Protein chains: 2
Amino acid sequence: MKSRVFKERTSLKTAKDLFLNSIIPLNKTNILRVEECQGRITSKDIISDMNVPHYNRAAMDGYAVKAENITSASISSPIMLTLSDKISNSTCVRVHTGSKIPDGADAVVMVEDTEQKGSLVEFFTKVHPGKNVGHIGEDIRIGDIIVNANHLLRGCDLATIASCGIEEIEVYEKPNVAIIPTGNELVKRSKQSPPPGKISETNSLMVGAYVEKWGGHPLYSDIIVDDPLLIEKEIKKNIDADLIVVCGGTSVGERDYVPTVLDKIGTLLVHGIGISPGKPTALGSFNDIPVICLPGYPAAGLITLFEFAAPAIKKLSHIKEPNSFYKQEATLQHKITSKIGYVTYTRVKLDGNKAIPLMTSGAGIMSTVTQADGFVKIGENIEGINEGDTVEVFLIE
Amino acid sequence: MKSRVFKERTSLKTAKDLFLNSIIPLNKTNILRVEECQGRITSKDIISDMNVPHYNRAAMDGYAVKAENITSASISSPIMLTLSDKISNSTCVRVHTGSKIPDGADAVVMVEDTEQKGSLVEFFTKVHPGKNVGHIGEDIRIGDIIVNANHLLRGCDLATIASCGIEEIEVYEKPNVAIIPTGNELVKRSKQSPPPGKISETNSLMVGAYVEKWGGHPLYSDIIVDDPLLIEKEIKKNIDADLIVVCGGTSVGERDYVPTVLDKIGTLLVHGIGISPGKPTALGSFNDIPVICLPGYPAAGLITLFEFAAPAIKKLSHIKEPNSFYKQEATLQHKITSKIGYVTYTRVKLDGNKAIPLMTSGAGIMSTVTQADGFVKIGENIEGINEGDTVEVFLIE
């Protein structure tokens, strides 16, 4: 077995490019009812087989007419037509917004421009043919693409699709994400305080919550002790997963076997990334399944999740911009410093447009993550950011 | 029955203030398992009854020592201690990141600063007491607030809470949102094209999807025809809802009864808002339940949903900033115009940092909503925005 040292320190950008370029979007699909499709991604163009509207409809409340019969109408010289249920040169028909335009009519005069007197209606204005009429197919025609393939379906899209008579949609399957917690120090979560030297395993809870949020389906493994053969066996057990996240055992200590195992059974692309916290992160693949080795410290693991797991899940899912974060501009309230050569993530609390940096003393401290609304990312060639500077805050979802 | 005219045209800001100020956050709570709590809101402060860490732990792989025994250690003059499982003045103990610091030890020397020679260890550096030791309660102490009441729970929060031995969390119940579609023209959704003059009811699909996305629980009514007594009956049937959304029948036509019914049985705060599309929106309450009357045209209804339903659901849920949208800056690619006196929402497609306005010809057109990534909001006193200007795009979720 190779000696356990970081391969090298890879820059965030290089690590991300290498890893994301190795990921191929999934091809498995499901057919779901339209009401189940919010947040899912279309696997093919959705084509309308209906016109919308599917009949010529009134766009206003008023009277349908043949426009040529009231060309001389004005306020001073109104034209009278007889109220009817059929259109002729001397009749008009009452319509409501959405009503079918009766045969022979080509325009609707708004009720405000008319006065009804018994069975007669006075028109105070002329109209052009087509006025206040929504024509067949004006919104969507038979054969039109309603939404393209690889489109993230939103509530408004579902309504449009259903308006075209489509009740089932083919969408990509959610990526299955195996989550493998490792570490001799870990015990299963419980209400009891673990014995000294032991801690509750909570990383898989965090990873699973984000996997669901980003559109994946979490598959939870039991805790695996720091034993290379057991780690190897557990990774191999997840041969059907679409992404594997191994938590812990990524550093260069005596008990940190995860990157070495990955190097043995698959491809270790990167071990040691220029991010702080998160340096021990490793990335690679096993049997063409992308693998993320997450540092065991949860504050470091969180950064790795946002930088690598989020875009990986989104790319597997065919989401167009897998790298996008929700961001907000704010004014930094205290100077923050960073480590040259590392992209540094400083936790901040937001107060309106103010970003207040939170004091941290290491990747092991979770209380400040919980207090934080987001991170300020300081570039690897920047020494720090001054009080009063405008910063982009990456919001912690 | 009063005549059906808009009460007045209320500005967006006034309408929003009036409506949101009338909403009281809900007090019903649920106790859920921690893994079910992502996106839920805490109903009280969550207090730790555990220290984190709950023992003095090694922050590094290395050797635990009593610092005073190696005060003279240096590279040129290392100090030797005997490897043991107990600490004395002449011994050290091997520890791994996360190990319990043995009794009597007060510091950890990193493995990189030592050399093991059989049962002896050479120390090349001195350390201060406390070095590389995570002390009991350093992260969280018994009695500390882990997260405050009214906190939206994220994946990272769940992990921290579970680390403190907490397995159940009291959260606010999701608001129940009744959705009532109205209109003589509506038929239940199906694969068949409805007869001319009829359209499929899809607004409740759209509203329900957004209600779920914003943290509410949708309750669906059947289609109600344009009959004031039936509308009244259906609203009254939803006396246990926390918010009522009535779709359609909000304008001032002969068949638009919804605002009039609300005025009769409850409070009509606003009818007619300076937004385009969305002018016919009405807002009020029935039996202290907030009521939103959504225009029937889906593109207008969408605006009303984002401007009124989203913040209403979020305020009912105790979310701190109910009015926040996801936004992105972009450069406008064509001039857009607007209507003085109305906040105008122009649909745009994003292409990187470019915002491309989409042509629309009315609130009835849904195809351009489906193509749009977001809206540019043009203020009511602004006539338009020029090509090349930087705009904020409100993203359509």
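Which residue is the bridge partner of A:I244 in β21(A)?

**Entry 1: a strand pair in chain A.** I am working from a predicted model. I looked up A:I244 and found that A:V291 of β21(A) is its bridge partner. I then turned to the strands themselves. Strand β17 of chain A covers residues 243-247, strand β21 of chain A covers residues 289-294, and the two pair in the parallel sense over four bridges.

**Entry 2: the sheet around that pair.** I traced the open sheet in chain A and recorded six strands in the order β16-β13-β17-β21-β20-β18, with mixed pairing. I noted that β16 (217-220) and β18 (267-271) of chain A stand at the edges; each has a single partner strand, so one side of each is left without a neighbour in the sheet. From one strand to the next, I recorded an average twist of 20°.

**Entry 3: a helix across the sheet.** I looked up helix α5 of chain A, residues 258-265, and found that it lies across β17, β18, β20 (282-286) and β21 of chain A. Relative to β20(A), helix α5 of chain A runs at about 35°.

**Entry 4: where the chains meet.** How many residues of chain B are in contact with chain A? I recorded 61 residues of chain B in contact with 61 residues of chain A. On the chain B side, I listed the elements that give two or more residues: β11 (145-147), α2 (155-163), β15 (199-200), α3 (203-213), α6 (298-316) and α7 (367-371). Of these, α2(B) gives the most, with eight residues. I also recorded the make-up of the side of chain B that touches chain A: 24 nonpolar, 22 polar and 15 charged residues.

Technical notes: Residues numbered from 1 in each chain as written. Chains lettered and ligands numbered in written order. Predicted model: local features only at pLDDT ≥ 70, side-chain atom pairs only at ≥ 80, totals over all residues. Contact = placed C-beta atoms within 7 Å. Nonpolar A, V, L, I, M, F, W, Y, C, P; charged D, E, K, R; others polar. Pairing = 2+ DSSP bridges. Axes fitted to C-alpha atoms, helices over the stretch in contact; angles between N-to-C directions.
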